[in-house]
Amino acid sequence: MVKIHERKFVSADPEKCVGCQICEYICSWTKEKAFNPLKSRIRVVRVNQLANMAVTCRRCEDPPCVAACPRDALTQSEETGTIIVDMDKCNGCGWCIEACDYGAIMLHPETKVVHVCDLCKEQGEPQCIKWCPEEALTLVTSDVLAQKARISAVKKLFQEAKKK
Amino acid sequence: MYGYAGRILYVDLNTGKTRVEQLSEDYARKYIGGIGLGMRLWLDNSTAGVDPFSPDNPLVLALGPISGTMFPTAGNGHAFVAKSPATFGIGEAVAHGTFGAELKRAGYDAVIIKGKAEKPVYLWIDDDSVQLLDASHLMGKSPAETEDAIKDELGDYYIRVAAIGVAGEKLSRIACIINEKTRAAGRTGLGAVMGSKNLKAIAVRGTRDIVPAKPDEFMEMVKEFHERMKGPATQKYRTLGTPENVLVHNALHCMPTRNYNNAHFENAEKVSGEALNDKFVAKIIACSSCAMRCEHEVVVPEGPYKGTMTRMEYETLWALGPYCGIDKLDAIIKGMEICNYYGMDAISAGVIVAFAMDCYENGILSQADLDGIEANFGNVDALLQLLEKMGKREGIGDILAEGVRIAGQKIGKGAEKLAQHIKGLEVTGYDLRCLKTAALGFAVSFRGADHNRHGAYAFDVKGKVDRLKAEKGRGKMVRDMEDVYALIDSFIVCKFSRGTYYKELQDMAKLYSLVTGIDMTAEELKKSGERINTIARIINIREGFSRKDDTLPWKVMNMPIPDDGPVKGAVVTQEELDLLLDDYYESRGWTLEGVPTVAKLKELAMDDLASIVEDKQEA
């Protein structure tokens, strides 16, 4: 099984995200050949004009969505960490939706079963990352994220020190 | 139908009844969508001479065929159309954001709202379910507060809302309709039309799929335009944004200053786009589907207005700043926030404050008339207090909220001459005395003084013509630009993206065909652009307009530019205006009175409207 440190997911940099929803459009297009945010596996949140961020599945270790499913419809791929939905078993009860801290697993408006990001397995790379005009989306591991956060924290510290 | 939802929603506020009718392919093809389709639907659903505040003045909300797709900037716009309480002619205003895309997914190309609700309501369009819900508890709230409250009570964060503020509720003739807190259908006072109907807001949720007719070719075109959006055509909007104009216009002495008393602002550096970006811009955000992003969000970091947050563009910065003689950016930003709070068009609001300041400095309005405000040019407190009063319609604000033309008439004593407007709509940030192609564009603009109906200033500002000269040929230049601009607002795509359509109408025709599946050529599209300008003209003629209304503000024609510099002494004479108008009407195939001929209507396949102009064919 792929270790948590190696597991990749799509992460949005809130400094760069402008809330344009292009990730939503291209996701629903890739998956369903239709433009419809309700069918996108990544959703944009604009808390206010300054706070924009796209959110999608984080491929957690011991994912609560899988644990919450009463019908064993969800499993996690050992190879990639992707949450796999068994369309026949899922009845859209929504326990997984309630369990997810990120709102990253959602109910499909028509099939009434849940859907979740699979990193565009069929296309070979996440299309949202490819299309994001702000380069706000990246495929990261939690280790890389932590590195990035450290670097920007230290940079900020030095900038402020310079100001003084 | 592809692209089009194929459905028009009719809402009767008198009875609370709604119905859906089909959109005909004939109308779709001829009037495209947005303002074009909106104006045609308005004409079909109104009678001549209707009062703007009458329940019988329909408020039309219209989308373009591209709405809801991921075409950059094209997916997100919407247009409002009604008879304008500012001009008493056709009023229209376009806004972007996410509202338009949501309405398309709900399955409508247009919503036609007639009548007046007995008590305040908001319209809740939830796909096929359409309801009027009580809005008593929302009265007095700002558009942003209204949006939050509605999302809260309907329990869905992703609902999109367009709402009016107190200005609209109180029938201010400069009231706008705001969606997503900072995006305004700003001009021509349509917020007051909404207010006159007791309609506080329109909330939308749409869950349908949007699919273009030719998906693979469409996606190729999207890809291509994503690349173009990263190029030079949009650089201005991605970097300094429109406030870049401050120093550009100032250097050319074409930035009206202190209510047109000057054409150059000595403190422009302090209110420049550079200063704004350096000190105040906190984030640049995007509308739905836009690959360029332009919306400059500013935050005041310190001082008396600390924490003020709003969007800022050149026009509003100019109106609340240099045009009022004000050189403090933080106060201008505060002024913008006040306009958004009450739901006022900030361009018009700034022009009206400058007018009041001019009246004060000329002794036409006393300190007592102004409720104790010392309204000198440059006085920051006067700006903010007058905006507040206008928003609430308190004291002098009650008169000023009528718009600059009516306020000038009511105040009298020569105030009319200080009221800078065309057809009752307040001027924008281009000094027409030294931009004579723009002057023609402004004079003939069907919604009154505005740069967004033609963009003809570009010829003057970029030095493509002698900007001080009125000469033959400008008519055709304005006309061609008008046709393109009408199409932009009918598609609806963003004007800031216009440079990415390298082949202009050819690119637009291709986009139209790929989305709708209706074969469209550049030539036929050009005809539609002409048709849309013609229908606007026909509506204005039906409402009593004629050549005399195609005129310029008093100071543009009577007060030469006084500032030493490149354009000292510039003014537009009646003779020059007449020459320009004759040239323009001729290029349009209209009579010398500015009336489309019956033959022209036939050519445009609009002869069903000939009865409006038949008795005006002489001259």
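**Terms and values**

Q: How do strand S3 (residues 59-62) of chain B and S6(B) pair, and what makes them a pair?
A: Strand S3 of chain B and S6(B) are joined by four bridges in the antiparallel sense. Two strands pair if DSSP finds at least two bridges between them, so four bridges meet the rule. Within this pairing, B:Leu61 has B:Val111 of S6(B) as its bridge partner. Strands here are DSSP runs (E, at least two residues), as helices are (H or I, at least four), numbered from the N terminus.

The model is predicted, so local features need pLDDT of at least 70 and side-chain atom pairs pLDDT 80 or more, while totals for chains, interfaces and linings use all residues. Residues are numbered from 1 along each chain as written, chains are lettered from A and ligands numbered from 1 in the order written, and side-chain values use heavy atoms, without hydrogens and water.

Q: What makes strand S1 (residues 7-12) of chain B a partner of S6(B)?
A: Five bridges join strand S1 of chain B to S6(B), and the two run parallel. B:Tyr10 is bridged to B:Ile112 of S6(B).

Q: Why is strand S6 (residues 110-114) of chain B called mostly covered?
A: Four of the five residues of S6(B) are buried. Buried means under 20% relative accessible area, exposed over 50%, and partly exposed in between (1.4 Å probe, protein chains only).

Q: Why are A:Cys27 and A:Cys128 called buried?
A: The relative accessible area of A:Cys27 is 11%, and that of A:Cys128 is 10%. Both values are under 20%, so both residues count as buried.

Q: What radius of gyration does chain A have, and how does this stand against the globule rule?
A: The rule is 2.2 Å times the number of residues to the power 0.38, with the radius taken over C-alpha atoms. For 164 residues a compact globule would have a value near 15 Å, and the 17 Å of chain A agrees. The C-alpha trace of chain A spans about 60 × 35 × 30 Å along its principal axes.
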